[in-house]
Amino acid sequence: MSYADILDRSPSRMRADQTLLLDLIAVLTANKAGLRRWSVMRAMRQRAEKANREVTPKFEDDVERAFRKFCEGDVVRNGAADPSTALFYRPKEKAGEVWAIYPEKAQAWLNGDTDRTEAAA
């Protein structure tokens, strides 16, 4: 395990990732058809600023990492999540970079469904 891996699993990093994930779920749940990446980032910044959380220079990278970790599809392009545990996806019928959510899977994850909890680890 590298030093970067250890830092990624630090309690403060895990809390920040959890907060980003919860915000991402809220933003995409409010827009069931999905949103373009740019609109997601704008909404995420607004949520962070309203909650008086710092918006770091790496904020968009962190949001993208959270999305990809739970996104269904190709590891390089779309994400790393298994289809059974994916919370997010990129709609194929939409042009451009659109992010969308599986509402029922996200709700199960929020409710503490053990399958979704394991995916977060």
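Modeller: One definition to start: accessible areas come from the Shrake-Rupley method with a 1.4 Å probe, and for residues only the protein chains shown count as cover. The model is a predicted one, where local features need pLDDT of at least 70 and side-chain atom pairs count only at pLDDT 80 or more, while totals for chains, interfaces and linings use all residues. Residues are numbered from 1 along each chain as its sequence is written, and side-chain values use heavy atoms, with hydrogens and water left out.

Colleague: Thanks! What does the accessible surface of the protein come to?
Modeller: About 7,500 Å², and carbon and sulfur atoms account for 53% of that.

Colleague: And what share of the residues is buried?
Modeller: Of the 121 residues, 36% are buried. Buried means under 20% relative accessible area, exposed means over 50%, and partly exposed is in between (1.4 Å probe, protein chains only).

Colleague: How many helices and strands are there?
Modeller: Six helices and three strands. Along the sequence they follow the pattern α-α-β-α-α-β-β-α-α. Both kinds are DSSP runs numbered from the N terminus: helices are H or I with at least four residues, strands are E with at least two.

Colleague: In what order do the strands sit in the sheet?
Modeller: The order is β1-β3-β2, in an open sheet with antiparallel pairing. Strands β1 and β2 stand at the edges with a single partner strand each, so one side of each has no neighbour in the sheet. For pairing, DSSP has to find at least two bridges between two strands.

Colleague: Which residues are bridge partners there?
Modeller: Strand β1 (residues 35–36) is joined to β3 by two bridges. Leu35 has Trp99 as its partner, and Arg36 stands opposite Val98. Strand β2 (residues 88–89) also runs antiparallel to β3, again over two bridges, and there Phe88 partners Ile101.

Colleague: What about the two faces of β3, covered or open?
Modeller: Covered on both. In β3 (residues 98–101), Val98 and Ala100 are buried on one side, and Trp99 and Ile101 are buried on the other. In a regular strand the side chains alternate between the two faces of the sheet.

Colleague: Switching to charges: how many salt bridges does the structure hold?
Modeller: Nine. A salt bridge here is a side-chain nitrogen of Lys or Arg within 4 Å of a carboxyl oxygen of Asp or Glu. One of them joins Glu64 and Arg37, at 2.7 Å from N to O. That pair links distant parts of the chain, with Glu64 in helix α4 (residues 59–69) and Arg37 in helix α3 (residues 37–50), 27 residues apart.

Colleague: Which residue does Arg45 form a salt bridge with?
Modeller: Glu60, with the closest N and O atoms 3.5 Å apart. Arg45 lies in helix α3 and Glu60 in helix α4, so this pair ties together parts 15 residues apart in sequence. Arg45 is partly exposed at 29%, and Glu60 is partly exposed at 27%.

Colleague: Which residues are linked in a network of salt bridges?
Modeller: The network takes in Arg37, Arg45, Glu60, Glu64, Arg68, Arg90 and Glu97.
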